[in-house]
Amino acid sequence: MMGIQDFLIITQVCPIHPSPDGVDLTCSYSADFGSSPRVEWKFKDKKGSLTYVVFDGKTTASYSTRVTMYSGSNLRFSKVTRQDNGEYTCEVSSSSSQFAQVTVVLTVLVAPSIPKCGIPQTVTTNRAATLTCYDPDSSPPPTYKWYKDDTLLPADPNKISGFKNATYKLDSATGMLVFPSATKMDTGMYYCEVINEAGPAQRCRAEKMEVRDINAGGIAAGVIVALLLVALVIGAVWYAKKKGYLPKKSQSKQQGAVYQPPSLYGGGEADGDGDGDGDFKQKSSFVV
């Protein structure tokens, strides 16, 4: 029967960093495709991006250093990483217009690493509090668990009798632990644990989250101190002005100069001897 047969799904355990561990993906086809069919391999990652691994029977440049073909249609990865997770499709066609394809999912197993946890140290009563936990390396994606004072917090507290009064919300897929309205009962030591099938679980260091009431006395004391500082500054400025330590503002008076042309008939100001500086004044008459 014409078609692709004996396609193997391979799951390989390896660390996140490149390693000598590799994997084979095999693709066999029937004789109906002839002696030299066209073979292509395509890869689609978790985000849906599609790339060629083998095009027209040849390994593409981005895979040439670690992927080789053998037996005409099989792939051998010399090393794999978490970025190789995704779907691989083998396509076989011939000059007789025959075509067939098959797709498999490759999962590279990566054991959990110590997660990165975000735990607030102090939270105000009746305010929201969010605790975060994240492991970027685990493959497949891990399950997150939270502990308070070494007690496992159930993902759905309403189903456990001892946690029916709990108000938190826990997302096991994202690692977020949210207290919509924290109370003093939520004070405790918290840590997160990461689990997947590739290796042993890992956890972050326990940190204390303390829920406190609003410190009204502290706020009032802060306001009083601020007012005293303002009064002290005002008093210092007043004293400095009184003692003359601060420079006074100088007021400059501008005097205007007005030009008055000399009078032909006198009337100008006389100096000490009665003669004006710029005026002509007739003092005697002459009869000829």
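User: Is C117 buried, partly exposed or exposed?

Analyst: This is a predicted model, so take the values as computed from it. Buried would need under 20% relative accessible area and exposed over 50%. C117 comes out at 29%, so the label is partly exposed.

User: And C204, is that one buried or exposed?

Analyst: C204 is the disulfide partner of C117, with the sulfur atoms 2.1 Å apart. The pair links distant parts of the chain, 87 residues apart, with C117 in strand β12 and C204 in the loop between β20 and β21. At 8% relative accessibility, C204 counts as buried.

User: What handedness does the disulfide of C117 and C204 have?

Analyst: Look at the torsion about the S-S bond. For C117 and C204 that is about -100°, so the disulfide is left-handed.

User: Which residue stands opposite G118?

Analyst: Start from β12, which 3 bridges join to the antiparallel strand β14 (residues 129-134). In β14, the residue opposite G118 is T132.

User: How far apart in sequence are the parts tied together by C133 and C192?

Analyst: A disulfide joins these two, S to S 2.1 Å, and the link is left-handed with -80° about the S-S bond. C133 lies in strand β14 and C192 in strand β19 (residues 188-196), so the parts they tie together are separated in sequence by 59 residues.

User: Of C133 and C192, what is the relative accessible area of each?

Analyst: Both cysteines are buried. The values are 3% for C133 and 0% for C192.

User: Where does C27 lie, and where does its partner C90 lie?

Analyst: C27 and C90 are joined by a disulfide, S to S 2.2 Å. The torsion about that S-S bond is about -75°, so this link is left-handed. C27 is buried at 1% relative accessible area, and C90 is buried at 0%. The pair ties together parts 63 residues apart in sequence, because C27 lies in the loop between β3 and β4 and C90 in strand β10.

User: What is the pairing of the bonded cysteines in sequence order?

Analyst: A search of the whole structure finds 3 disulfides. They join C27 to C90, C117 to C204 and C133 to C192. Numbered in sequence order, the pairing is 1-2, 3-6, 4-5.

User: Moving to salt bridges, which strands hold E91 and K42?

Analyst: E91 and K42 form a salt bridge, the closest N and O atoms being 3.3 Å apart. E91 counts as buried at 12% relative accessibility, and K42 counts as buried at 18%. The two residues are 49 apart in the chain, E91 in strand β10 and K42 in strand β5.

User: Is K159 buried or exposed?

Analyst: K159 forms a salt bridge with D156, the closest N and O atoms being 3.9 Å apart. D156 counts as partly exposed at 32% relative accessibility. K159 has a relative accessible area of 68%, and the cut-off is over 50%, so K159 is exposed.

Technical notes. Residues are numbered from 1 along each chain as its sequence is written. This is a predicted model: local features need pLDDT of at least 70, side-chain atom pairs count only at pLDDT 80 or more; totals for chains, interfaces and linings use all residues. Side-chain values use heavy atoms; hydrogens and water are left out. Two strands pair if DSSP finds at least two bridges between them. Helices (H or I, at least four residues) and strands (E, at least two) are DSSP runs, numbered from the N terminus. A disulfide is a pair of cysteine sulfur atoms within 2.5 Å. Buried means under 20% relative accessible area, exposed over 50%, partly exposed in between (1.4 Å probe, protein chains only). A salt bridge is a side-chain nitrogen of Lys or Arg within 4 Å of a carboxyl oxygen of Asp or Glu.
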